[in-house]
Amino acid sequence: MVTRQLAERANQATHPDPASAHERAWAAASAVCDPEIPVLTIADLGVLRDVQANGDRAVVTITPTYSGCPAMDAIRDDVILALTHAGFADVEVRTVLAPAWTTDWMSEAGKRKLERFGIAPPTGRRAAGPVRLGISVRCPHCGSLNTREVSHFGSTSCKALYECRACLEPFDHFKVH
Ligand SMILES: [Zn+2]
């Protein structure tokens, strides 16, 4: 019995099954954090689109949050490093620009993490037409909806700077786009 298990294990080592290679590659890639918002992984953000793994080769597809986002070079390097540590000798990172990333791809867990980090998450869905829906942005500090936009561009162009009229704290709001 023990001998057979050992033989099976040895067999698995020489012929790794493609499903487990894919799981390892996905686990490694999805744990990579966004350099600008380190509480969010690229999977939380929806930046991670696809992972293919075959033997020691892995191909990871990412879509930047916006074109020319300077964080993407860091994300690409981190993905290669994570996959190399997970045992993939040949790692390719593909950047796909279409369809364009939208905040709709951000996971609900990601939005909750963002709020705990002090950034108001994107509210609602991207409007289908040119009309912007006036949805109130909730203060991540006190939960008040009595907030106002101070500047459409906050610490990065993905975010707007808001101010809470209730607790008077400023905060970033991750814009819907
Ligand atoms: Zn507040």
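This is a short chat about the fold of a predicted model of one protein chain.

Q: How many helices and strands are in the protein chain?
A: The protein chain has 5 helices and 7 strands. In sequence order the pattern is α-α-α-β-β-α-β-α-β-β-β-β.

Q: What is the average confidence?
A: The model is predicted, and the protein chain averages a pLDDT of 85. A score of at least 70 is reached by 81% of the residues.

Q: Where is confidence lowest, and where is it highest?
A: Helix α1, residues 2–14, is lowest at a mean of 50, and β2 is highest at 97. Where pLDDT is low, the predicted coordinates should not be read in detail.

Q: OK, sheets. What is the order of the open sheet of 3 strands?
A: The order is β1-β2-β3, and the pairing is mixed. The edges are β1 (48–54) and β3 (90–95); each has a single partner strand, so one side of each is left without a neighbour in the sheet. From one strand to the next the twist averages 15 degrees.

Q: In what sense do β1 and β2 pair?
A: They pair in the antiparallel sense over 6 bridges, with β2 covering residues 57–62. Ala 53 stands opposite Ala 58 in β2, and Gln 52 has Val 59 in β2 as its bridge partner.

Q: And how many residues lie between β1 and β2 in the hairpin?
A: There are 2 residues between them. Gly 55, in the turn, has a positive phi of about 65 degrees.

Q: Which strands does helix α4 lie across?
A: Helix α4, residues 71–85, lies across β2 and β3, and runs at about 155 degrees to β3.

Q: Which residues of α4 are buried?
A: Met 72, Ile 75, Val 79, Ala 82 and Leu 83 are the buried residues of α4. Seen down the axis of α4, they fall within an arc of 90 degrees, so they line one face of the helix.

Q: Why would residues a few places apart point the same way?
A: An α-helix has 3.6 residues a turn, so residues three or four places apart point the same way.

Q: What about the other side of α4: which residues are exposed there?
A: Asp 73 and His 85 are exposed on that side.

Q: What span should α4 have?
A: At 1.5 Å a residue, its 15 residues should span 21 Å, and the end C-alpha atoms are 21 Å apart, which agrees. After the helix comes Gly 87, whose phi is positive, near 100 degrees.

Q: How many bridges join β6 and β7?
A: Strand β6, residues 159–164, pairs with strand β7, residues 170–174, in the antiparallel sense over 5 bridges. Lys 159 stands opposite Phe 174 in β7.

Q: Back to the protein chain: what share of its residues count as buried?
A: Of its 177 residues, 29% count as buried. Among contacts between residues at least 6 apart in sequence, 53% join residues at least 24 apart.

Terms used: Residues numbered from 1 in each chain as written. Predicted model: local features only at pLDDT ≥ 70, side-chain atom pairs only at ≥ 80, totals over all residues. Pairing = 2+ DSSP bridges. Helix = DSSP H or I, 4+ residues; strand = E, 2+ residues; numbered from the N terminus. Axes fitted to C-alpha atoms, helices over the stretch in contact; angles between N-to-C directions. Contact = placed C-beta atoms within 7 Å. pLDDT = per-residue confidence, 0-100. Buried ≥ 20, exposed ≤ 12 C-beta atoms within 10 Å, placed from the backbone. Expected span 1.5 Å × (residues − 1). Arc of directions from axis to C-beta.
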